[in-house]
Amino acid sequence: MTELFNPIGEKVEQAVQANGEAEDDFKPIDEIESLCMNCHENGMTRLLLTKIPYFREIIIMSFNCDHCGFNNNEIQPAGTLQLKGVHYELRLRDMEDFQRQVVKSDTATVKFIELDVEVPAGKGQLTNVEGLLTTIVDDLVFDQEKRMKEAPEAAAKVAEVIAKGRQMLAGEAFPFRVSVDDPAGNSFIAPDPRDGVGKWEKREYLRTPEQNEALGLADTNTEGLDDNGDIIPDQVYQFPASCPGCMHPCTTNMKMVDIPHFRQVVIMNTSCDDCGYKSNDVKTGGEVPEKGKKVTIKIKTPVDLARDILKSESCQLECPELSLSVNPGTLGGRFTTVEGLLTQVRDDLHKQIFEADADVEKTKRKNDSLDSTEASRWNDFFDGLNSAIKGEREFTIVLTDPLAASYVQSLADNPDEPDEQMTVEEYERTEEEEEELGLLDMKTENYENDV
C-alpha cells in the first residue's frame with residue numbers, strides 16, 4: 001500500500017523516478033479547484049501530505065487565485081489531539097538562534113516574552129523564529145498610520161513595540177525569549193545538541209477544563225473526591241483519553257500513594273488495548289521543603305544502570321560526559337531505572353530529530369532537513385548515549401531539584417551509610433527558581449486577612 005505521508009525528500013525522489021519512467025500518474029502535490037473568498041472566482045488549492053522532521057504528519061496547503069492575485073498558505077496537523085498540552089520556551093542568545101525551526105499549529109499561542117507581545121491561536125505555520133517575529137512586526141506596522149490618526153496614545157505604545165522588535169531582529173537586544181504554548185500538543189520549537197541548561201525547554205501539562213472545552217473534548221468528572229474536593233489516597237481514578245499512538249479511545253489511571261521514607265506521589269498510567277501503547281508519569285506532592293537538593297551519582301558498571309531513580313517534574317538532569325541536559329518539565333515525572341531513564345530520553349529525542357520509524361541503534365540516520373554538520377553532531381550524540389545505555393562507558397548523572405523531590409537508590413550495605421559513588425547535598429534555591437515555582441507570590445501566614 002502506498003504511503004500518503006512521506007518525507008519531502010522521498011516525495012522528490014519518487015517524482016524524479018516517475019519522470020524518468022515517463023509515468024504521468026504520480027503527482028506529489030494534489031490540486032483542487034476551489035472558490036476564492038476574495039473575488040468569488042475559482043482558484044487553485046494545492047495540498048502536500050508529508051512528514052515534517054521535529055513534528056508529525058501534516059498537510060501543507062497553498063491557495064492561489066489567478067483572477068485577483070489572492071494567495072494563502074498554512075499547515076494543519078494530520079493527526080488528532082495529543083494526550084497532554086505542550087509548552088516550549090527558547091532563549092535566543094545570537095543570530096543563529098533565529099533559524100530555529102518552529103511548527104505552530106492552529107491551536108498554539110506564541111509569545112515573545114520581553115517584547116510583551118502574544119500571538120493568539122490562529123493559522124498554522126511552518127517557519128522559524130525570525131519568521132514569527134518578522135510577521136508580528138509587519139502586522140503592527142501595517143495599521144500604524146491609521147492608528148496614529150484614530151488613537152495616538154495607543155499608536156505611540158505600538159511604535160515602541162515595533163522599535164524594540166526591529167532591535168531584536170537586528171541582533172541588538174539579546175538575550176530574549178520566545179514561547180509556544182499548544183493545548184493540543186501539536187506544536188514544536190527545534191532543539192540543538194549544543195543547547196545548555198536554560199536555553200531550550202519543553203514542558204507537558206494536563207489541560208484545564210476550559211482548554212478541553214475549547215478543543216471540543218469532554219471534561220472529566222469529580223466523582224470519588226472527599227468532602228473538600230480532594231482525591232482520596234490509594235484510590236484509583238480513571239479518565240477518558242485518546243491514545244497518541246493509534247488515536248483510539250483509551251483510559252488514564254491515576255492513584256495517589258504515600259512512599260515510605262520519601263513523600264506523597266501521584267502515579268499516572270495510560271494504556272491502550274488496541275495498539276498496546278503505554279505511558280507512565282509520576283508527580284510528587286506534599287509540602288515544599290526549605291531547600292533544594294542536588295544528587296550526583298557516578299555510573300561505572302551495568303549494576304549501576306539498574307539503580308532505581310525518581311526524576312520529578314521539577315528536576316533538571318545533566319550528564320556532562322554525554323553532553324546531555326534535560327530541563328525541568330521535560331519528560332514529566334519518571335520512576336524507573338537509570339537505564340530506563342536514559343532510554344526514554346534517547347527514544348523521545350530520536351523521534352523528534354530523525355524519522356519516527358528510524359532505528360535508534362543505527363550509526364547512520366537520515367533527516368532531509370539537517371545539513372551534514374548538524375546531522376553528524378546528532379549522530380555522535382546518539383552513539384554516545386547508546387554506549388552509555390549498554391554499559392560500555394562511565395558517566396555521571398546530576399539531578400538538581402529545587403523541590404527536593406527526586407531520588408536515586410543507594411547501594412550501600414547499610415542504609416544509614418553513604419554510597420561511595422553518590423553525593424547528596426542541599427542548596428539554597430535561587431531567586432529565579434523561587435519565581436519559576438511560584439514561591440515568591442505564595443503566602444502561607446495571615447492569608448485570611450486578605451479575604
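Four strands make up an open sheet here, ordered 14-15-16-17, with antiparallel pairing. Two strands count as paired if DSSP finds at least two bridges between them, and the elements themselves are DSSP runs numbered from the N terminus: helices (H or I) of at least four residues, strands (E) of at least two. Strand 14 and strand 17 (278-284) sit at the edges with a single partner strand each, so one side of each has no neighbour in the sheet. On average, neighbouring strands of this sheet are turned by 20 degrees against each other, direction ignored; the axes behind that angle are lines fitted to C-alpha atoms (for helices over the stretch in contact), and angles between N-to-C directions run from 0 to 180 degrees.

A word on where this comes from: the model is predicted, so local features need pLDDT of at least 70 and side-chain atom pairs count only at pLDDT 80 or more, while totals for chains, interfaces and linings use all residues. Residues are numbered from 1 along each chain as its sequence is written, and side-chain values use heavy atoms, with hydrogens and water left out.

Back to the sheet. Strand 14 (residues 236-242) and strand 15 (residues 249-258) run antiparallel and are joined by seven bridges. They form a hairpin with six residues between them, and Met-247 in the turn has a positive phi of about 70 degrees. Strand 15 also runs antiparallel to strand 16 (residues 264-271), this time with eight bridges. Some of the bridge partners are listed here:

| Residue | Bridge partner | Strand of the partner |
|---|---|---|
| Tyr-237 | Met-254 | strand 15 |
| Phe-239 | Thr-252 | strand 15 |
| Met-254 | Met-268 | strand 16 |

Now for the rings. The structure holds ten aromatic pairs. Rings of Phe, Tyr and Trp (its six-membered ring) pair if their centres lie within 6.5 Å; planes under 30 degrees apart count as stacked, over 60 as edge-to-face and the rest as tilted. One of the pairs is Tyr-88 with Phe-188, edge-to-face at 5.0 Å centre to centre and 65 degrees between the planes. Tyr-88 belongs to strand 6 (residues 85-92) and Phe-188 to strand 12 (residues 188-189), so this pair ties together parts 100 residues apart in sequence. Together with Trp-200, they form one aromatic cluster.

Val-103, in strand 7 (residues 101-104), counts as buried because its relative accessibility is 2%. Its C-alpha lies 6.5 Å from that of Thr-127, which is 24 residues away in sequence.

Helix 8 (residues 372-389) has 18 residues and reaches 26 Å from first to last C-alpha, close to the 26 Å expected at 1.5 Å a residue. Its buried residues include Trp-378, Phe-381, Phe-382 and Leu-385. Among the elements covering them are helix 7 (338-353) and strand 23 (395-401). Gly-391 follows helix 8, with a positive phi near 80 degrees.

Zooming out, the chain has nine helices and 25 strands, and 37% of its 451 residues count as buried.

Note on methods. Buried < 20%, exposed > 50% of the residue type's maximum accessible area, 1.4 Å probe, protein only. Expected span 1.5 Å × (residues − 1). Contact = heavy atoms within 4.5 Å.
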